[in-house]
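Open the model in your viewer and keep the selection tool at hand.

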Amino acid sequence: MSSKLHCVKLNDGHFIPALGFGTYKPKEVPKSKSLEAAHLAIGVGYRHIDTASAYQVEEEIGQAIQSKIKAGVVKREDMFITTKLWCSCFRTEMVRPALEKSLKNLQLDYVDLFLIHYPVPIKSSVDESPLDEKGKFLLDTVDFCDTWEMLEKCKDAGLVKSIGVSNFNHKQLERLLNKPGLKYKPVCNQVECHLYLNQSKLLDYCKSKDIVLVAYGALGTQRYKEWVDQNSPVLLDDPILCDVAKKNKRSPALIALRYLFQRGVVPLAQSFKENEMRENLQVFEFQLSPEDMKTLDGLNKNF
């Protein structure tokens, strides 16, 4: 990263931009939308792009990055690119080939951050997520501590700058941190985190271990039908959040992002609309008062 402005220092000395652009897309959204969104995001100023092999959009993200580099909009070293190791590739001999496939898709020599996507090994098969007859994942017996050693080797080989985890609880983090012969600590833990699920305990634990908490679903997730009750309250419509937004003359989305930023969390904001992308970058232009922060703390429902 060439500019340290609005960046957070990781425990390995590298810097992560304090706001990222998320690239997960529901199946019904065409891949062309992901390409268009990544183009727009880099164009309006995002330098931290978060993706994963499981999102199946790495090729589109790679095309967007390369076209912006060719156009002289950015240099590779200005960008911070994260991708993730899917759960069916936890076996030690599969980690590096999985990363190399991601690098090929992204058209990159290295990624800035490589994460274990979930602390759950799934049996490897042609299908990325094989299911049993009851519709449950077919789990594998690999220990994620062994997988971690392979991530450390990928870092030593220069294929990744930093390594971390995603969707780990504090006990799983503890197991990794207490692993005999641990060479590198995870620099971050990327989890769902927003006003309705503010992760205060996990955040405190991560801070105590010098691990950055990165938030997906920072604006309240995309409310996927298979996982979220469609009658549950919509975060950005919350009346208390809207009052704080009105008082600060900002949108509810900006308040939701700023709340996370002021707690030392790195939020990932996702949108397919250019005006929203631009607006989300204003998160660094104002501050919430301690009273507002306390009010917003009160919105947590662990939901």
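How many bridges join strand S9 to S10? Select residues 212-216, which form S9: two bridges join S9 to S10, and the strands run parallel. Strands here are DSSP runs of E with at least two residues, and helices are runs of H or I with at least four, numbered from the N terminus. Two strands pair if DSSP finds at least two bridges between them. This is a predicted model, in which local features need pLDDT of at least 70, side-chain atom pairs count only at pLDDT 80 or more, and totals for chains, interfaces and linings use all residues. Residues are numbered from 1 along each chain as its sequence is written, and side-chain values use heavy atoms, without hydrogens and water.

Show Val 214 next; its bridge partner in S10 is Val 266.

Now select residues 20-22, strand S3, which pairs with S10 in the parallel sense over two bridges. Here Phe 21 stands opposite Ala 269 of S10.

Move to S10 itself, residues 266-269. In a regular strand the side chains alternate between the two faces of the sheet. Val 266 and Leu 268 lie on one side of S10, Pro 267 and Ala 269 on the other, and all are buried (under 20% relative accessible area; exposed is over 50%, partly exposed in between; 1.4 Å probe, protein chains only).

Finally, select the cysteines. With a disulfide defined as a pair of cysteine sulfur atoms within 2.5 Å, the count is zero. For Cys 145, the nearest cysteine sulfur is that of Cys 87, 15 Å away. Cys 145 counts as buried because its relative accessibility is 7%. The sulfur of Cys 242 is 19 Å from the closest one, in Cys 193, so it is too far for a bond. Cys 242 is partly exposed, at 28% relative accessibility.
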